[in-house]
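Here are my notes on the model you sent over. Have a look at the structure first, then go through the points below.

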Amino acid sequence: MVAPDGQPTERIWGANCIMIKLSINGITTDVDVDPDTPLLWVLREWVGMTGTKYGCGIAQCGACTVHLDGVASRSCSIPVGSVGNAKITTIEGLSSDGLSHPVQIAWLQHDVPQCGYCQSGQIMAAAALLRTNPKPSDADIDEAITNICRCGTYQRIREAVHTAASLAGKA
Amino acid sequence: MSNRIPLGRRSFLGTVAAIGGGFALGWGIPAREASAQAGGQEVGIWVEISPDDTTVVRIARSEMGQGTLTGLAQLVADELDCDWKFVQAAYVSPEMNLARKRAWGDMSTGGSRGIRGSVDYVRKGGAAARAMLIEAAAQRWGVPAAECSAANSVITHAPSKRTIRYGEVAAAAGQLPVPTDVTLKTPAQWTLIGKGVKRLDTVDKLSGKQIFAIDVKLPDMLNAAIAQCPVFGGTLQSFDADKIKAMPGVRHVVAVGEDAVAVVADKWYHAKTALAALPIVWNEGAGATVDSAQIDALLKTGLDANQAALGQRHGDIEAGLAGAARKIEAVYGSPYLAHATMEPMNCTALVKDGKVEIWVASQNGDASLAAAAEAAGVKLADVKVTKLHLGGGFGRRGNQDYTRQAVLIAKQVPGRPIKLIWSREEDTRHDFYRPITQCKLTAGLDAAGNVVALHARLSGQSILAYLAPQRMENGVDKAAFQSWTEEEFGYRTIPNLLIDHAVRNTHVPVGFWRGVNTNQNAIYMECFVDELAHAAGKDPLDFRRSMLTQSPKHLAVLNAAAAKAGWGTPTPPGVFRGICQNMGYGSYTAAVAEVSVSPKGVLKIHRIVAATDPGNVVNPQQVAAQVEGSFVFGLSAVLFGAVTIDKGRAVEGNFDTYPVMRLADMPKVETVIAPSGGFWGGVGEPTIAVAGPAVLNAIFAATGKRIRTLPLRQHDLSSA
């Protein structure tokens with residue numbers, strides 16, 4: 001038997017497994033999984049997309065942030081069975097080349113990442129904010145982006161969000 | 001070489017390339033293979049140059065966010081006189097370092113030594129490669145090398161107006177002997193050192209393509225979750241694997257060393273879920289009755305103990321205090337802290353046919369290799385290590401406990417790669433914590449308010465006693481006195497000084513935590529000096545200046561911070577300033593904080609001005625990034641951080657109980673880089689030390705409340 005990610009396995013996944021249809025970055029994917037499994041682990045271990053990170057598992061740190069129908073969501077605490085028809089966007093699908101979303105352009109311009117581990121989540125949180133609030137104030141940014149960065153890139157994140165807002169405004 | 005273990009490096013790289021692409025390809029490939037694959041020619045040991053001029057600079061240290069990869073490449077590239085646009089970086093693999101007799105030196109990445117500890121030999125490596133390229137060009141043209149010059153990856157023979165690219169002569173240059181008597185450039189000749197070039201490792205961090213160790217995927221890989229004895233020093237007695245064997249995905253349940261058990265499953269989510277249901281019996285051991293109150297009481301016994309390890313003494317402290325017009329005393333304390341790297345501890349290991357291969361994020365590749373060999377019981381030469389960028393290090397990943405565990409598990413499942421990932425809770429509860437310490441400070445002031453005597457008595461845990469007892473010197477942990485050594489301690493005008501340390505160890509593991517002992521020592525000293533200034537009725541800046549007259553570099557950064565902050569000028573209503581300075585890791589730092597505290601006690605940090613003198617600056621952009629980040633790290637500790645002990649174990653487990661700073665807490669940080677030249681100081685750590693005291697002193701200015709125990713969130717700042 002072969003698991004959904006192509007890895008061989010001798011074992012059935014479990015009695016509770018069902019086939020779940022997910023729309024990930026515009027592609028419909030069938031996953032055979034227990035519906036209680038957090039979306040984070042389905043993305044990382046079943047689908048094989050590792051850009052979305054595990055940091056805490058309790059929706060505290062935001063490293064696992066993805067978009068569900070454009071809304072920033074902490075995938076570590078969302079059972080995959082509850083996703084339904086929502087369109088999932090991960091960091092891999094934010095832009096076609098991984099560089100051209102205004103947030104990515106701004107992040108590069110400000111050299112935001114240090115270790116980079118939290119940055120997928122930070123970028124997804126920033127992109128979701130700009131979608132609903134194209135010209136956020138510092139206070140808006142503070143309120144919307146609650147993701148943890150231990151290296152301490154917050155100052156550059158704040159500056160880069162403003163840059164991204166002006167880039168998006170010009171586009 | 002790649003056939004030695006059937007799961008070859010090439011197949012791994014193929015996997016990485018498929019997911020990550022581009023830049024990741026260079027990582028850890030032994031030179032000959034890398035050259036064969038990329039067409040790069042080794043020129044000396046530090047660079048590989050391809051026919052298209054692509055220049056790969058080899059990096060022995062580890063990139064964990066601090067920018068060392070870019071900075072080290074700048075150092076090499078400057079001496080090499082290559083065009084920066086051609087530069088890439090690749091890790092030297094630990095097995096290559098081992099096989100070639102540690103040609104690349106120390107791989108350990110800590111103590112803010114990445115740049116300052118390698119600066120001479122990596123620059124010499126760049127200069128040697130440049131000389132070899134010029135010699136190769138000169139030989140091809142049949143002219144003296146002295147008539148040739150090099151710039152931007154092009155060699156020019158001015159008399160004949162001929163030029164040739166590095167890529168065209170690299171193959172010939174690589175066959176020449178490596179010169180050892182190269183002359184390094186003077187600072188005036190630097191073209192890349194001092195330039196704020198962009199980091200080399202950003203692009204893949206924007207798209208999710210960067211492969212961290214936790215992201216490694218290998219054919220036939222299984223995943224492991226681990227539970228370690230919650231009480232430090234306890235052991236595993238038994239577990240009932242039958243209870244979880246039928247759970248989804250579970251393959252194996254194995255003991256890991258003396259003190260842990262792991263579930264190996266198809267997916268890590270399966271392993272973690274099954275582990276939570278596994279009945280485990282621990283031998284909790286002697287530590288099981290210890291709690292934070294007992295540790296606090298233990299440390300208090302050190303504050304006045306007769307026996308203490310000497311840090312520094314001059315003059316006559318007893319007479320100085322006895323003869324003082326006023327005596328001032330205060331006791332400070334700081335708790336255990338977890339590193340809380342964003343990427344939890346993890347390591348992937350494959351044990352097969354007497355060989356071991358690991359994929360790891362490590363602050364010390366050599367140590368990872370050694371730990372894997374020891375755990376597997378194989379020779380060092382039978383280990384391969386793929387280093388991946390760290391999702392945070394902060395000192396935690398200098399320890400190899402997780403590497404050892406991954407190999408111990410993989411040994412029990414031979415032939416299949418095992419990826420061990422710690423849960424966040426395991427990560428927080430099984431750290432090598434920043435040591436708990438207290439400090440009693442006693443000072444004597446004369447009638448004019450000058451400090452005539454100062455005694456700083458530390459009491460608390462010793463990192464070296466726990467991690468490296470062989471480095472203790474007659475019971476003295478010299479690292480405990482960081483920032484307070486004769487070289488570092490700026491207040492040299494104090495005529496009678498005693499700094500000592502009553503070592504009080506517990507069963508709680510301690511280790512190096514970014515900034516290490518400079519952090520709490522600077523808080524103790526700089527907040528106490530602030531107390532003395534107020535007691536003397538003097539301005540905190542002027543008071544410090546008067547004590548730094550024999551420490552011009554300390555004084556200069558203090559003045560730089562004060563000037564930029566506008567010390568002495570009016571602040572907005574309700575906003576108050578605090579100031580401090582420190583020296584550590586070879587660099588001088590100072591900071592001014594501007595804060596307000598609402599009547600209800602809500603603290604807002606409006607602005608930070610930070611000055612740093614690291615001697616020479618490699619990349620001012622990255623220095624600024626480290627300074628900004630240092631305030632997040634330092635203030636997270638001061639505002640929120642505490643690991644408490646109950647029943648012998650760490651209580652806090654995740655970010656809900658171990659909060660850290662978030663964006664909303666982030667003040668505007670203005671960085672003043674004031675390099676005085678002539679030395680190479682560290683950058684990743686020294687500024688953390690001034691984050692706390694600047695803010696705490698500002699809080700005193702705002703509220704009259706002197707915070708002496710941390711974290712701040714345990715205190716009520718309200719005035720209502």
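1. How many residues of domain 1 of chain A are in contact with domain 2 of chain A? Bear in mind that this is a predicted model. The count is 15 residues of domain 1, which are in contact with twelve residues of domain 2.

2. As for where those domains sit, chain A is divided into domain 1 (18–93) and domain 2 (102–170). Their C-alpha centres lie 21 Å apart. On the domain 1 side of the contact, strand S3 (65–68) and strand S4 (71–74) of chain A are the elements that give two or more residues. S3(A) has the largest share, with three residues. By class, that side of domain 1 has seven nonpolar, seven polar and one charged residues.

3. Now the helix pair. The axes of H2 (residues 102–109) and H3 (residues 119–132) of chain A come within 9 Å and cross at roughly 125°, so H2(A) and H3(A) are oblique to each other. Their crossing is right-handed.

4. In that pair, H2(A) uses Val103(A), Gln104(A) and Trp107(A) to meet Ile123(A), Ala126(A), Ala127(A) and Leu130(A) of H3(A). Sorted by class, the contact has six nonpolar residues, one polar and no charged ones.

5. Last, the chain contact: 51 residues come from chain A and 49 residues from chain B. On the chain A side, the elements giving two or more residues are H1 (39–47), H2, H3, H4 (138–144) and H5 (154–170). H5(A) gives the most, with four residues. By class, the chain A side has 23 nonpolar, 20 polar and eight charged residues.

Technical notes: Residues are numbered from 1 along each chain as its sequence is written. Chains are lettered from A and ligands numbered from 1 in the order in which they are written. This is a predicted model: local features need pLDDT of at least 70, side-chain atom pairs count only at pLDDT 80 or more; totals for chains, interfaces and linings use all residues. Axes are lines fitted to C-alpha atoms, for helices over the stretch in contact, and angles run from 0 to 180 degrees between N-to-C directions. Angles under 35 degrees count as roughly parallel, over 145 as roughly antiparallel, 65 to 115 as roughly perpendicular and the rest as oblique. A crossing is left-handed if the near helix is turned anticlockwise from the far one by less than a right angle, and right-handed if clockwise. Two residues are in contact if their C-beta atoms, placed from the backbone, lie within 7 Å. Ala, Val, Leu, Ile, Met, Phe, Trp, Tyr, Cys and Pro count as nonpolar, Asp, Glu, Lys and Arg as charged, and the others, Gly among them, as polar. Domain bounds come from an automatic or database domain assignment.
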